[in-house]
Structure formats: structure tokens, C-alpha cells
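Biologist: Hey, I've just opened this one and I'm new to it. Could you walk me through it?

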Amino acid sequence: MAAPGRPAAATGLPQPDLTGLRGVLRTAVGQGAPGAMARLDDHGTVHKVAVGVADRRTGRALSTADRFRIGSVTKTFSAVVLLQLVDEARLSLDAPVDRYLPGLLPDDRITVRHVLSHRSGLYDYSDDLFARSVSGFEAVRTKVFTYRQLIDRSLRHARTTSPGGAYSYSNTNFVVAGLLIEKLTGQPVATAYRRRVIEPLRLHDTFYVHPDTAIPGRHTRGYLTPDAPGGALVDATRQTVSWAQSAGALISSTEDLDTFLSALLRGRLMSAGALKEMRRWVPAGATQSYGLGLRRRKLSCGVWVYGHTGAVQGYYTYAFTSSDGHRTLTALANASNSSKVHTAMLRTLDPTFCGKPPTHRRTTAPRDTAEDLRRGGNPVRRAAVVLAPPR
Ligand code: HEL
């Protein structure tokens, strides 16, 4: 085994700093999360770390085997299904959405690629829903929306960019993605996820149960932090997540997300050509870019990692893998709506992919973490668009 900080043979990455990773998870708990955990899959070696509790009432310890709500990591699953349909010549990325869903959107210049890269300009209806975190959540906790109702909420607002313009993150795009999946496959998204991703990868903890409100099997409870400082955490575990659906309603586990992302980057879920399209990047902040349902982040050591983040009431997820898919991290805190907890969780990436910090390395989070915290105000919603070649 190489010494800390020395490159690990296959990926050229330094050895992970497991002590540093555990310290970050402890910090997340110190900042108010009941529990925080991470699973690292590194060339077949598995490391699991969990601190704190899964259930504040019973005091049960959090376990990396617990299932949880993955929020927008769902977007990567939705994009994978659509890219498989591209491989099957049933969908063209540069065709207007209107070709497949006539009359749905008011502008027939919006293409499938614009939607999957957040460049459609469709306003994010969830900005309205969650302007107030607890009352906003309680108003939708058990609601069931149709996709069209969610899109109608978006269309009440002016578009944020013209089609193909600047990156502007919006859940509406991945609601359109869900409708495309259902139209093209003739199946509910639950079936498409199951047949095309969950079963082929033997993911045993991954479920799309919408509109059921319960997480099946062993899971961690999730806690929403109220906006008012010092307010009691709200147990947000039971919810339909109907406001998100194909943009954010999947349930999974650290093991399944590691398997999924590793398989994706290793080319197991689509053709090389389709993966190349998924990895065409638009800028999304100083250290981030966005592909098709996929984020790319540059870490403090210069390493790029690939995956997605998720923020759904009660749960923050970080799921990222190396360029070759051989080192993968999924980290979770079972509290949301706390910039302190979220910032702590972002710091799980550096010890995992950069190893022990040299004494001069910056220890504060990079400035453009604000997108992940954007419900409290996001300065990085727009960026110039230049499609970068795949990497
Ligand atoms: S927001 C994000 C993250 N994405 C987007 C999506 C997801 N999640 C949401 O849109 C949920 C917003 C409400 C979450 C709630 C909380 O923290 O529990 N916040 C509030 O109510 C604030 N008023 C860009 C962060 C992503 O990383 O892609 O997941």
C-alpha cells in the first residue's frame, strides 16, 4: 500500500485520507446534522465511515447500509435512460422537445440537449415552492402533482435565458426529461429506471416509489433545518417528493450510488459516443461544469470528479467518481437546509480524491459552492456558454 499522499497506481490519485474524511463527517454532525456517513469504493477496496444517529427518537446509530433520499442525483439516472434511447436511435439530442411532446413547451427551439444541460431557460418552479423552507415543505409533503402541473408552474414565469443560452439550473428541465422517458418508452419512469439501470446493475437499494411516502426497508430518517435559527429539526422522512419526481425522487444507498457512478464512467451504461455527449461541459461556476445530468468538479489538488449532488428535505448527498470510475465516494448527511452542514459535506471530496492536504492547501470550501446552497441565494446561476470537448 502506498504511503498517504503518494499516487495509487491505477488512477494516479493519491491515497485517500480516511482520517480526514472521518473528521469532515464529524464536523457535519458538529454543525447540526444528526448523522453523516460515507462509503468509498477504491479499486475494489471498500471503506465505510458513519458518525451520529439515523433516528433522533430511538438513537439508532447511522449505518452506511441505510437507504436515503438522493434528491437530484436522480437527474443522472434520468439522463442515462435518455442517452440509452439516443443509442437506440429513438431520441435525438439536438431535436426540439416539441418533436416528441408537441405543444408542451412554448418555444420549439428548446432541444433535448438544452433541457439536459440546464440551458432551456425554463424557470425553476421549486424556487416558488420552497421560498419558506418548513411551511413550503409541509404544503407539498403529501401532495401528488402531474408533470404537466409542475411545468405549468414554471411557465407562469418568464424564461431565464433564450434556448441554448447560459446554464441556469432548473428542476423543470428534468421534469421534461421524465415526460420524454414516459413518452418514448411507453412506461412509467419507475419501470424505465428499473429495467434499464437498477436490474442490469443489480442495485438492491434503489427504488422509485412515487407517490408512496415511505422509504422501503432499512433507512435513515431525514431532518429539515428550519429557517429560524435555533428552531427544532423537522422529521421530513415521509414525503411523496412529487414536486421533484424524475428530477429528484429516487431512493438509494451509498453502495448502489457508488456502483452506479462507477459503471457510468466506465462505459457500462451506454455507448462510448453517448458517454462522450454526456461529458460535453458547460461552465457552471469557477470550479464546476455541467454535462448532461452530470456535474464535474475541480478539487483543490486539480483533480476532476464526476457525479451529482442532491438536496431534498432531510438529506444532502454527494456522489462523485474519478474520471476512470475506479474511485467513487457517496457521502450523506441526514439534515438539509443548513449551509454549515452542506459546506462540511462538500469537504468530503478533497480527502477522498486528493489525499492528505499539503500544509499550504486551502482548507476552506471553494467560493462557488454557493450553487449547492442556492435556496439561500445563489450567485452562480448564469455563466457564459461554451461547449467544452468531452474529458
Ligand atoms: S437544488 C441543488 C441540488 N438539487 C436541486 C434539487 C437538488 N433540490 C431542490 O430543488 C430542493 C430545494 C429545497 C430544499 C430545501 C432543503 O434544503 O431541505 N431548501 C429549502 O427549502 C430552502 N428554502 C442545486 C442544491 C443539486 O445539488 O443539484 O437536489
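Biologist: Which residue do you see E138 meeting in a salt bridge?
Modeller: E138 pairs with R141, at 2.8 Å from N to O. By salt bridge I mean a side-chain nitrogen of Lys or Arg within 4 Å of a carboxyl oxygen of Asp or Glu. Keep in mind that this is a predicted model, where local features need pLDDT of at least 70 and side-chain atom pairs count only at pLDDT 80 or more, while totals for chains, interfaces and linings use all residues. Residues are numbered from 1 along each chain as its sequence is written, and side-chain values use heavy atoms, with hydrogens and water left out.

Biologist: Is R141 buried or exposed?
Modeller: R141 counts as buried, because its relative accessibility is 15%. The cut-offs are under 20% relative accessible area for buried, over 50% for exposed, and partly exposed in between, with a 1.4 Å probe and protein chains only. E138 has 38%, so E138 is partly exposed.

Biologist: Which residues do salt bridges that share partners join into one network?
Modeller: That network holds R39, D41, E255 and D258.

Biologist: And how many salt bridges does a search of the whole structure find?
Modeller: The search turns up 16. One of them is between E88 and R196, whose closest N and O atoms are 2.8 Å apart. E88 sits in the loop between helix 2 (73–87) and helix 3 (97–100), and R196 is in helix 9 (residues 189–198), so this pair ties together parts that are 108 residues apart in sequence. Helices here are DSSP runs of H or I with at least four residues, strands are runs of E with at least two, and both are numbered from the N terminus.

Biologist: What about accessibility for those two?
Modeller: E88 is partly exposed at 37%, whereas R196 is buried at 16%.

Biologist: Which residue does R113 meet in a salt bridge?
Modeller: R113 meets E277, at 2.9 Å from N to O. This pair also links distant parts of the chain, with R113 in helix 4 (residues 112–116) and E277 in helix 11 (residues 272–278), 164 residues apart. R113 is buried, at 11%, and E277 is partly exposed, at 24%.

Biologist: Switching topic. How many disulfides are there?
Modeller: The count is 1, taking a pair of cysteine sulfur atoms within 2.5 Å as a disulfide. C301 is joined to C354, with 2.0 Å from S to S. The link of C301 and C354 is left-handed, at -70 degrees about the S-S bond.

Biologist: Why do you say that pair ties parts together?
Modeller: Because C301 is in the loop between strand 9 (295–298) and strand 10 (304–312) while C354 is in helix 13 (residues 349–354), the pair connects parts that are 53 residues apart in sequence. C354 is buried, with a relative accessible area of 3%, and C301 is partly exposed at 32%.

Biologist: OK, strands now. How many residues of strand 1 are buried?
Modeller: In strand 1 (residues 35–42), 8 of the 8 residues are buried, so the strand is largely enclosed by the rest of the structure. Both of its faces are covered, with G35, M37, R39 and D41 buried on one side and A36, A38, L40 and D42 buried on the other.

Biologist: Which strands pair with it?
Modeller: Strand 1 pairs with strand 2 in the antiparallel sense over 8 bridges, and DSSP has to find at least two bridges for strands to count as paired. D41, for instance, has V46 in strand 2 as its bridge partner. There are 2 residues between the strands in this hairpin, where H43 takes a positive phi near 50 degrees. Strand 1 also pairs with strand 12 (residues 327–333), again antiparallel, over 7 bridges. In that pairing D42 stands opposite R327.

Biologist: Last one: where is V241, and what does V241 contact?
Modeller: V241 is in the loop between strand 5 (234–235) and strand 6 (251–252), and V241 is buried, at 1%. Beyond neighbours within four places in sequence, V241 contacts R69, H210, G248, A249 and V312, where contact means heavy atoms within 4.5 Å. V241 and V312 are 71 residues apart in sequence, yet their C-alpha atoms are 8.3 Å apart in space.
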